[in-house]
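Hi everyone, thanks for making time for this. I'd like to walk you through one structure today, going through its spaces and its packing. Have a look at it first, and then we'll start.

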Amino acid sequence: MRLVVTGGAGFIGSNFVRYMLRRYDDLEVVNLDKLTYAGNLENLRDIEGDARYRFVKGDICDAAAVRAALRGADAVVNFAAETHVDRSISGPQDFISTDVLGTHTLLEAVREQGIGRYVQISTDEVYGSTETGSFSEESDLAPSSPYSASKAGADLLVLAYRRTYDAPVLITRSSNNYGGWQYPEKIIPLFITNAIDDQALPVYGDGLNVRDWLHVDDNCAGIDAVLREGAVGEAYNIGGGNEVENLALTRRILELLGKSEGLIRYVTDRPGHDRRYAIDCAKVRALGWEPAVDFEAGLERTVSWYRDNPGWWRKIKSGEWREYYERQYAELG
Ligand code: NAD
Ligand code: DAU
């Protein structure tokens, strides 16, 4: 099978490329990635010499680059996106370009070239927030941020390509991922690395927002199950079943690192901050998938990963990241 992965130099994409090459011998992977601030070829150092793997630098909005990368592919999995909610609030344009128009460019190439399978990597954020119960794949889309609105727009385009052109598309909508190689702007890697350096942990609002944590390896297994077994035209929720308030998560990170709760700083809330995400995952479970990583064990493993790989995140934190951090968290002084 020849698989094109877009955004494979990012957090989930790089974990997915590694997961697939380990799991299947008869697989070729092409990784098409623009290498934005979030793309990092260091994430794939261990597999760059694998003859079954090829990296192509390119933008999913560039139709010629997409056509060339997809030629001869059996399947495409689209991870490429702008992904950080706070950055979408301060500057939505790149989100609309990559997440909506980039998805459209890929869909056109899939259609033109008759590619057999296209998996769109979406998010539970497209459903918006709920204080009670959980969203199924049939729930309405009610996104809150420019990020989640862009992802929802992409989902609608993907489904429209199925209805209009009979394109062989599928969608996964996962909850919050955590694990190694996650850019330290998302809460878990940001708070672990800040705590290691005795820097403040900026908790938004009252810290009682809830996220459902999914280990990235479990998401990779779920995406693989959908790629192989999913029904064309369908969306699949993939959640970890680990709902945790941000403050409890923050306290546990501090405890695992032996650091004081005095590092916690309450800062101005994120505008439009979704209170709680929760998804029903019966549909993907019916494909035989279930999460295998216990949250407590996975968090301990993740804390150890950042403690053991300071070279990886210190390099990131010395570059573009610092400018972003100073802008985003100006009130920390
Ligand atoms: P990330 O920000 O770590 O990586 C994104 C990757 O996409 C980077 O390698 C970047 O260089 C690449 N990219 C960005 N714009 C591009 C473009 N125009 N052309 C080609 N490549 C481009 O993201 P992530 O956290 O790994 O998320 C991957 C996907 O999973 C995204 O689609 C995201 O919406 C979705 N998702 C993420 C989570 C999560 O918790 N991280 C949860 C649910 C869904
Ligand atoms: O739910 C899936 C989504 O999870 C993905 O689609 C997104 O790409 C991914 O970024 C993530 O979005 P969140 O907004 O949930 O993740 P983030 O790590 O930015 O924030 C998690 C929670 O922590 C959220 O309630 C906001 C809070 N937070 C975050 C940061 C960065 C803080 O309190 N302080 C912070 O500094």
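Before the first stop, a word on how I sort residues: Ala, Val, Leu, Ile, Met, Phe, Trp, Tyr, Cys and Pro count as nonpolar, Asp, Glu, Lys and Arg as charged, and the others, Gly among them, as polar. Please also keep in mind that this is a predicted model.

Now to the pockets. The largest pocket has a volume of about 380 Å³. Its lining counts 18 residues, and N194, Q199, W321, R322 and Y325 are the ones nearest the centre. Which helix gives the largest share of that lining? That would be α12, with four residues. Helices α6 (187-196), α11 (310-317) and α12 (320-328) each provide at least two. By class, we find seven nonpolar, five polar and six charged residues around the largest pocket.

The second largest pocket comes to about 280 Å³. Here 14 residues form the lining, and nearest the centre you'll find N15, W181, H215, D217 and R301. Helix α1 gives the largest share, four residues, and α1, α7 and α10 (295-308) each bring at least two. The classes here are four nonpolar, five polar and five charged. As for domains, the lining of the second largest pocket takes at least three residues from domain 1 and at least three from domain 2.

On to the packing. In soluble globular proteins, nonpolar side chains tend to be buried together. The largest nonpolar core in this model has 39 residues, and L3, F16, V17, M20, V77 and F79 have the most contacts inside it. At least two residues of this core come from each of β1 (2-6), α1 (11-23), β4 (75-78), β5 (117-123), α7 (216-229) and β10 (235-238). There is also a second, separate core of 33 residues, and L190, I192, V203 and I253 are among its members.

Setting aside neighbours within four places in sequence, L3 is in contact with F16, M20, L27, E28, V29, V30, A75, V76, V77 and L227.

My last stop is Q120, which sits in strand β5. Is Q120 buried or exposed? Q120 counts as buried because its relative accessible area is 1%, and the cut-off for buried is under 20%. Again leaving out neighbours within four places in sequence, the contacts of Q120 are N78, T103, K151, A154, D155, V158, L170, I171 and T172. And here is a pair to find on your screen: Q120 and V76 lie 44 residues apart in sequence, while their C-alpha atoms are 8.4 Å apart in space.

Terms used: Residues numbered from 1 in each chain as written. Chains lettered and ligands numbered in written order. Predicted model: local features only at pLDDT ≥ 70, side-chain atom pairs only at ≥ 80, totals over all residues. Heavy atoms only, no water. Core = buried A, V, L, I, M, F, W, Y, C linked by side-chain atoms within 4.5 Å. Buried < 20%, exposed > 50% of the residue type's maximum accessible area, 1.4 Å probe, protein only. Contact = heavy atoms within 4.5 Å. 1 Å grid on protein atoms, 1.4 Å probe; cavity = no way out; pocket = protein on both sides within 12 Å on 5 of 7 lines; lining within 4 Å. Points joined across faces, edges and corners; volume = space filled by probe spheres on them. Domains from an automatic or database assignment.
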